[in-house]
Amino acid sequence: MEWRERAICLAEDPDLFFPVGNSGSGPTLIQTDEAKAVCRRCPVREQCLDWALDAGPMDGIWGGTTEQERRAMARRLVPSGG
Ligand code: SF4
């Protein structure tokens, strides 16, 4: 995955992208916003998000999204059938 070499999070504390605690709590929301702000400046955000969506359920902020947001995106992308 050559795009990973251009990931700007390589220069950040990896813990920033893995907020711990209740996702609705103040400190967790602040950390999530900080991680997303890094992702917004990242030149490989799209590739990162595609990779995370393909990878399936996974903790952390990837491509500027939380796991919960990726789950919602995946539900919209996959037809429910029937
Ligand atoms: S989009 Fe975010 S998590 Fe993905 S490589 Fe870029 S900075 Fe890292």
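Is aspartate 13 buried, partly exposed or exposed? Select it and look. Aspartate 13 is partly exposed, at 47% relative accessibility. Buried means under 20% relative accessible area, exposed means over 50%, and partly exposed lies in between (1.4 Å probe, protein chains only).

**Before you go on**

This is a predicted model, in which local features need pLDDT of at least 70 and side-chain atom pairs count only at pLDDT 80 or more, while totals for chains, interfaces and linings use all residues. Residues are numbered from 1 along each chain as its sequence is written, and side-chain values use heavy atoms, with hydrogens and water left out.

**Stop 1: the whole chain**

Show the chain as a cartoon. You will find three helices and zero strands. Read from the N terminus, the order is α-α-α. Helices here are DSSP runs of H or I with at least four residues, strands are E runs of at least two, and both are numbered from the N terminus.

Now turn the model. The C-alpha atoms fill a box of roughly 45 × 35 × 15 Å along the principal axes. Of the 82 residues, 29% count as buried. The chain exposes about 5,700 Å², and 54% of that comes from carbon and sulfur atoms. Such areas come from the Shrake-Rupley method with a 1.4 Å probe; for residues, only the protein chains shown count as cover.

**Stop 2: aspartate 13 again**

Go back to aspartate 13, in the segment before α1.

**Stop 3: helix α1**

Select residues 26-40, which form helix α1. Threonine 28 lies in this helix. Threonine 28 counts as buried because its relative accessible area is 6%. What does threonine 28 contact, leaving aside its neighbours within four places in sequence? Pick out Pro19, Val20, Gly21, Asn22 and Ser23. Contact means heavy atoms within 4.5 Å.

**Stop 4**

Move to arginine 41, in the loop between α1 and α2 (45-55). Arginine 41 counts as exposed, at 55% relative accessibility. Beyond its neighbours within four places in sequence, arginine 41 is in contact with Ile8 and Glu12.

**Stop 4: the cores**

Select Trp3, Ala7, Cys42, Val44, Cys48, Ala52, Met58 and Trp62. These eight residues make the largest nonpolar core. A nonpolar core is a set of buried Ala, Val, Leu, Ile, Met, Phe, Trp, Tyr and Cys residues joined through side-chain atoms within 4.5 Å. A second, separate core has six residues, including Ala35, Val38, Cys39 and Ile61.

Zoom in on tryptophan 3. Leaving aside its neighbours within four places in sequence, tryptophan 3 is in contact with Val44, Gln47, Cys48 and Trp51.

**Stop 5**

Cysteine 9 is partly exposed, at 34% relative accessibility, whereas cysteine 39 is buried, at 9%. How many disulfides does the structure hold? The count is zero. A disulfide is a pair of cysteine sulfur atoms within 2.5 Å.
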